[in-house]
Every structure is written in C-alpha cells, then in structure tokens.
Amino acid sequence: MKITKVETFVCNARMRNWIFVKVLTDQPGLFGWGEATLEWHTRGVVATIEDLAELIVGEDPTRIEYLWQMMFRQHFWHGHGITRATAIAGIDLALWDILGKVAGQPCSKLWGGPVRDTVRTYCHLGGGKMEDFYETKADDAKRFADLARQAVASGFTAFKSMAVPPTLPIEGLQPIRAAEAAVAAMREAVGDAIDIMVDCHARPSPAMGLQFAKALEPYGLYFFEEPCWPESVEGLAAIARSVTTPIATGERVTNLAAFRDLFAARACAICQVDITHCGGLSEARRVAALAEAYRIALAPHNPQGPVSTAASLEFGFSQPSYIICETVHEDVPWRRDVVSEGFTVETQGRIVRPNTRPGLGIEINEAEVKKHSFQQELPQRVFYTDGSIGDW
Ligand SMILES: [Mg+2]
C-alpha cells in the first residue's frame with residue numbers, strides 16, 4: 001500500500017480556519033482525515049504540509065512511527081516548531097485514521113482501549129462563541145454568571161471561563177478583585193456540583209499569576225489554566241506549589257522533551273497537550289506515558305474543529321489518566337453539517353459514548369467545507385492601558 005497524495009481543505013470557522021488534511025492511498029476508497037488548525041498561521045501550515053508531502057508520498061501509510069520519524073527528523077530541522085509540529089500532526093492523525101480503517105477498528109482499540117465507558121466533556125462559556133468567551137470583560141460578573149447558567153442548562157457539568165483580565169507585569173488590586181467577583185458570581189450561579197475552570201491565557205506575569213491563583217483558591221476551581229507564560233516553567237512551578245488549585249498547562253508545548261522539563265519541575269497537575277499541535281497522536285501518546293509516570297492528568301487542548309475533537313476522544317478512550325475533553329459546539333452554527341461522527345454525545349451531562357466506526361470514525365463533507373473558504377482570521381489584540389503590547 002502506498003500514499004498517493006496529501007490534500008488540505010481550509011474551512012473558515014470565524015475565529016479559526018480549520019485545516020483538514022486528507023491522506024489518500026492507492027487502495028480504492030481508502031484515505032484518512034487529519035486536522036492541522038493553527039489560528040493566524042493557516043497559509044504557513046498549508047505550505048508546510050506541501051513540503052512534508054514530498055517526504056511521504058510513495059511510502060506505506062501504515063508505517064506510522066517510521067513516517068513520523070521521517071517528518072520530524074529529516075530535512076535537518078527537527079519538527080517541534082509550532083508550524084511544522086502542527087503540519088506533522090495533521091498528517092499523523094490521518095495516518096492513524098487509515099490504520100484504523102485497515103484494521104476495521106476505532107483508533108482507541110489499536111491502543112488497547114477502551115479504558116473507560118464514557119468521556120466527560122466541558123464547554124467554553126458561550127459554547128465557543130468568540131464574543132462570549134474571549135470578550136466578556138472580567139468586571140462584568142453578572143454576564144459571567146448568566147453564561148455559566150446557560151452552560152449548565154445546555155447539559156454541561158463543567159465549563160471554562162476567561163475571568164482573568166490582561167494585566168501589566170505588576171498591577172494593583174483592581175484586576176484581582178474583578179476576577180474574584182466574576183468567579184464568585186459563577187460559583188453562586190451554579191453551585192458546588194458544577195466544575196468551573198479559569199483560563200488565564202498565559203497573560204499574567206508569574207507574580208500576577210500567583211496573586212490571581214491565591215485570590216481564586218477559595219472557589220474550588222477544577223483547574224487554573226496557564227497562569228503565566230509557558231516559557232516560565234519555574235514561574236508555573238512556584239504557583240503550583242503555592243495553591244491547592246490544580247494548575248493546567250501544555251497547549252503551547254510541542255514536543256516530548258519540553259513536556260519532560262515541565263513535569264520534572266512539578267509545574268502542573270494537568271497536562272493540556274494539543275494533539276493537533278504536538279506532532280499528533282504519535283507524540284501525544286509518548287507525552288501521556290511520561291505524564292503517567294508523574295501521575296499527571298490529561299485534558300488535551302481542543303478548541304479547534306471536529307477532526308481534532310474525534311482524535312481527542314479516541315485518545316481519551318485509550319488513556320487511563322484522561323479526565324475531560326475540551327469542546328466547542330457553538331463556534332459556527334453549521335459545525336454539524338461539515339462532519340458526521342462515530343461517537344454519540346448524551347445531551348444530559350454531555351458525556352460521550354465511544355466511536356463505533358473504524359479509525360477516527362469521522363466523515364468530512366467536502367462540498368460543505370467548500371462553502372466556507374479561507375478568510376483572514378479576525379484580529380484579536382491586547383494593549384495595556386499605557387498602549388504597550390499585551391498577550392491575547
Ligand atoms: Mg487555554
């Protein structure tokens with residue numbers, strides 16, 4: 001069996017352009033789907049996939065590790081830069097989809113699963129609607145409470161919010177109090193049976209991240225995400241040591257060696273490896289094995305498109321330490337028209353039953369995708385009050 005072609009399909013989903021990757025083979029009707037979505041880097045990833053195709057066309061698609069090594073190690077530059085790690089991931093996911101189809105089994109079965117009956121999911125406030133999740137101001141506690149109630153009314157038992165505002169490297173009490181009021185309002189609105197997460201988007205400095213973590217500790221967050229830059233492993237570790245709230249990070253970490261440094265420093269309790277940014281399921285499985293040695297939980301980053309979600313769920317049904325799957329379901333109203341999925345979601349509780357189809361279990365509707373061609377991603381910029389550049 002040989003790979004004959006690697007195609008990309010770009011599908012504009014407002015905030016992100018989903019990049020679907022289709023790896024075709026010389027067997028009639030046998031192909032695999034992957035995803036390599038990377039907001040604001042769409043053209044770069046598509047071109048990188050073209051470069052990588054040169055390495056793998058003509059090769060046996062079932063030799064996944066061999067091909068992964070080829071894509072990661074050849075042409076001199078290792079594949080852990082974000083653009084190439086994402087491009088590799090898109091192809092890697094499609095190769096696992098092909099292998100599942102060849103075996104006639106869901107991917108999770110190839111890895112010894114399923115290890116659980118169901119996977120729990122959580123949503124973003126607003127279900128992934130950009131304005132609700134990213135643009136609700138931290139000082140609008142009432143809006144946070146309303147959106148929290150909506151999430152629970154939609155059946156979710158857990159949701160994530162961005163209740164920590166952008167701050168200069170050091171600021172006074174006002175942003176801390178605003179975040180505290182927003183989280184208090186959400187807790188008051190949904191009670192203790194619902195799990196609340198706060199994503200800092202790595203906006204704070206380690207000193208501010210620590211203050212936010214301390215202020216929010218009494219509200220029993222399920223996890224507190226990216227409280228400072230991912231480059232500041234010692235900053236993350238200091239925050240993790242100072243609060244009982246579990247610290248989550250890893251969505252911007254693209255390779256096994258960098259995860260080793262994070263885990264060894266005890267910088268997180270939850271690993272948010274992004275399967276579409278870390279070189280795919282092949283590397284994510286190595287990261288998961290390493291996390292297991294540290295008893296670190298897995299909650300992969302997944303605000304992207306439907307192939308990423310299917311891959312995260314297959315991963316979840318094969319990994320003992322997987323705790324929850326991130327989902328967005330209301331980012332664009334036509335999300336369900338683009339994909340047919342092999343798993344089922346129970347609306348009450350938003351838990352997922354395993355995929356019963358081979359591979360990742362998805363079919364992408366190419367005609368539907370073509371209705372939403374590439375558009376430049378909407379700019380999301382943060383400036384501090386003095387006009388200097390902040391982190392989005
Ligand atoms: Mg995040």
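Figure 1. The protein is divided into domain 1 (3–104) and domain 2 (109–369), with bounds that come from an automatic or database domain assignment. The model is predicted, and local features need pLDDT of at least 70 and side-chain atom pairs pLDDT 80 or more, whereas totals for chains, interfaces and linings use all residues. Residues are numbered from 1 along each chain as its sequence is written. The centres of domain 1 and domain 2, taken over C-alpha atoms, are separated by 25 Å. To the contact, domain 1 gives 37 residues and domain 2 gives 27 residues, where two residues are in contact if their C-beta atoms, placed from the backbone, lie within 7 Å. On the side of domain 1 that touches domain 2, two or more residues come from each of strand E1 (3–13), strand E2 (16–25), strand E3 (31–35), helix H2 (64–73) and helix H3 (82–103); helices (H or I, at least four residues) and strands (E, at least two) are DSSP runs, numbered from the N terminus. H3 supplies the largest share of this side, 15 residues. By class, this side of domain 1 has 21 nonpolar, nine polar and seven charged residues, with Ala, Val, Leu, Ile, Met, Phe, Trp, Tyr, Cys and Pro counted as nonpolar, Asp, Glu, Lys and Arg as charged, and the others, Gly among them, as polar.

Figure 2. E2 and E3 run antiparallel and are joined by five bridges, and two strands pair if DSSP finds at least two bridges between them. Val21 stands opposite Gly34 in E3. Five residues lie between the two strands of this hairpin, and Gly29 in the turn has a positive phi of about 80°. E3 is mostly covered, with four of its five residues buried; a residue is buried if 20 or more other C-beta atoms lie within 10 Å of its own, exposed if 12 or fewer, and partly exposed in between, with C-beta atoms placed from the backbone.

**Figure 3. The crossing of H7 and H8.** The axes of helix H7 (residues 173–190) and helix H8 (residues 206–216) come within 9 Å and cross at roughly 35°; axes are lines fitted to C-alpha atoms, for helices over the stretch in contact, and angles run from 0 to 180 degrees between N-to-C directions. This crossing of H7 and H8 is right-handed, a crossing being left-handed if the near helix is turned anticlockwise from the far one by less than a right angle, and right-handed if clockwise. Ile176, Ala179, Glu180 and Val183 in H7 meet Gln211, Phe212, Ala215 and Leu216 in H8. By class, the contact of H7 with H8 has six nonpolar, one polar and one charged residues.

Figure 4. In the loop between helix H4 (107–110) and strand E4 (119–124) lies Pro114, and the peptide bond to Pro114 from Gly113 is cis, with omega near 0°. His75, found in the loop between H2 and H3, has a positive phi of about 65° although it is not a glycine; His75 is partly exposed, with 14 other C-beta atoms within 10 Å. Glu226, in the loop between strand E7 (223–225) and helix H9 (233–242), is likewise not a glycine and has a positive phi of about 40°, but Glu226 counts as buried, with 26 C-beta neighbours inside 10 Å.

**Figure 5. The covered helix H12.** Eleven of the eleven residues of helix H12 (residues 306–316) are buried, among them Pro306, Thr309, Leu313, Glu314 and Phe315.
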